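Subject: Structure handover

Hello,

The structure is placed below, followed by notes on what was found in it. Please read the notes with the coordinates open.

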Amino acid sequence: MAGFIVPVIVVLVALLLGASVRLVQQYEKGVVLRFGRLSPTIRGPGLHLIIPFADKMTKVSLRTVVMGIPAQGAITRDNVTLTVDAVVYFRVIDPVKAILNVENYPQAVSQVSQTSLRAVIGRADLDTLLSDRDGINAELQTVIDGPTEGPWGLHIERVEVKDVALPEGMKRSMSRQAEAERERRARIIAADGEFQASAKLAEAARAMGDTPGALQLRLLQTVVDVAAEKNSTLVMPFPVELLRFFDHAANAAAQAPAAAAAATGTSTTPAGPVNGHGTAPTTEVLAALTALAPEPPTDPTPGED
């Protein structure tokens, strides 16, 4: 009989030790309830003994939890319907509040995040939602962290909007708007380039006007550039000084009759159209043009074959 009782006692002691020994990991905290009442001591990492059938230990992880918020349909402030999903990063900072004040804190955080996401999207415009993601994320973090940190002992570390699904019609409208904006920028850049080029050309023209030989050198450079292409184009440079000589000669010929009339005290009336310098052509010029003109053909004498 004694040989039977000893093994039974050993088994009972082993069961009691197994029920009274608890292992807490480095990233966990142990909250003990003794007969349903909170024990003032929170168990840290390591082995801990509790009273079997009297104490109940709940281990709470202090690591950051990553939770995805399901896609939520919302309407922005400018009446655009879209679908938005996000991700929440949170961790427990007070294990007692996380156990006593809320039944299932991950589920509670998920529900608060969904309602807060819809509320924040409803207060923002579409342009703000697409361009100012940092501001939307910060506002979401503040809204979700308000009801969870104080009462539940949870800290929302970060909230990020992952994707914004727009209707197809809105996508096409935004594409047309972006295309029009790019075309506007291209036209502005082209106009600015034309303006700068015209300013440089005007500056170059002033420099060439101050130096008479610069235009001739530029003409020679153009001839060299055309000859380098080995094409069949023939360029005949015409000296600019010769053009100026003819211009001065025409002016002198046009002013000669007026000077003679002024000397004799008579007035002359222009006999033809005014030329490019505002003076009438002289008699010598008209005679030269008449001499160069071809003679009209003569009709045969009647009766001659």
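Lys162 is in strand E8; helices (H or I, at least four residues) and strands (E, at least two) are DSSP runs, numbered from the N terminus. Before going further: this is a predicted model, in which local features need pLDDT of at least 70 and side-chain atom pairs count only at pLDDT 80 or more, while totals for chains, interfaces and linings use all residues. Residues are numbered from 1 along each chain as its sequence is written, and side-chain values use heavy atoms, with hydrogens and water left out.

Lys162 has a relative accessible area of 52% and is therefore exposed. The classes are buried (under 20% relative accessible area), exposed (over 50%) and partly exposed in between, with a 1.4 Å probe and protein chains only. Leaving aside residues up to four places away in sequence, Lys162 touches Asp85, Ala86, Val87 and Arg133, where contact means heavy atoms within 4.5 Å. Its C-alpha lies 9.7 Å from that of Ala71, 91 residues away in sequence.

Overall

The protein chain has nine helices and eight strands. Of its 305 residues, 21% count as buried. The chain exposes about 21,200 Å², and 60% of this is supplied by carbon and sulfur atoms; accessible areas come from the Shrake-Rupley method with a 1.4 Å probe, and for residues only the protein chains shown count as cover. Of the contacts between residues at least 6 apart in sequence, 64% join residues at least 24 apart.

Core

The largest nonpolar core has 33 residues, and those with the most contacts inside it are Leu82, Val84, Val88 and Tyr105. Such a core is a set of buried Ala, Val, Leu, Ile, Met, Phe, Trp, Tyr and Cys residues joined through side-chain atoms within 4.5 Å. Two or more residues each come from strands E6 (65–75), E7 (81–92) and E8 (154–165), and from helices H3, H4 (126–131) and H5 (133–152). H3 gives the largest share, seven residues. Not counting residues up to four places away in sequence, Val88 touches residues including Val65, Met67, Val109, Ile144 and Ile156.

Gln114 is found in helix H3 (residues 105–122). At 15% relative accessibility, Gln114 counts as buried. With the same exclusion of residues up to four places away, Gln114 touches Ile69, Pro70 and Gln72.

Open sheet

Three strands form an open sheet in the order E3-E2-E5, with antiparallel pairing. Strands E3 (37–38) and E5 (55–61) are at the edges with a single partner strand each, so one side of each has no neighbour in the sheet. Two strands pair if DSSP finds at least two bridges between them. On the E3 side, Arg34 stands opposite Arg37 and Leu33 opposite Leu38; on the E5 side, Val32 stands opposite Met57. The hairpin of E2 and E3 has two residues between the strands, and Phe35 takes a positive phi near 55 degrees there.

Surface patch

Ile5, Ile9, Val13 and Leu17 make a nonpolar surface patch of about 340 Å². Patches are made of residues with over 30% relative accessible area and no salt bridge, like charges being joined within 9 Å and nonpolar side chains (Val, Leu, Ile, Met, Phe, Trp, Tyr) within 5 Å. A salt bridge is a side-chain nitrogen of Lys or Arg within 4 Å of a carboxyl oxygen of Asp or Glu. Leu17 is in helix H1 (residues 2–20) and, at 48% relative accessibility, counts as partly exposed.

Regards
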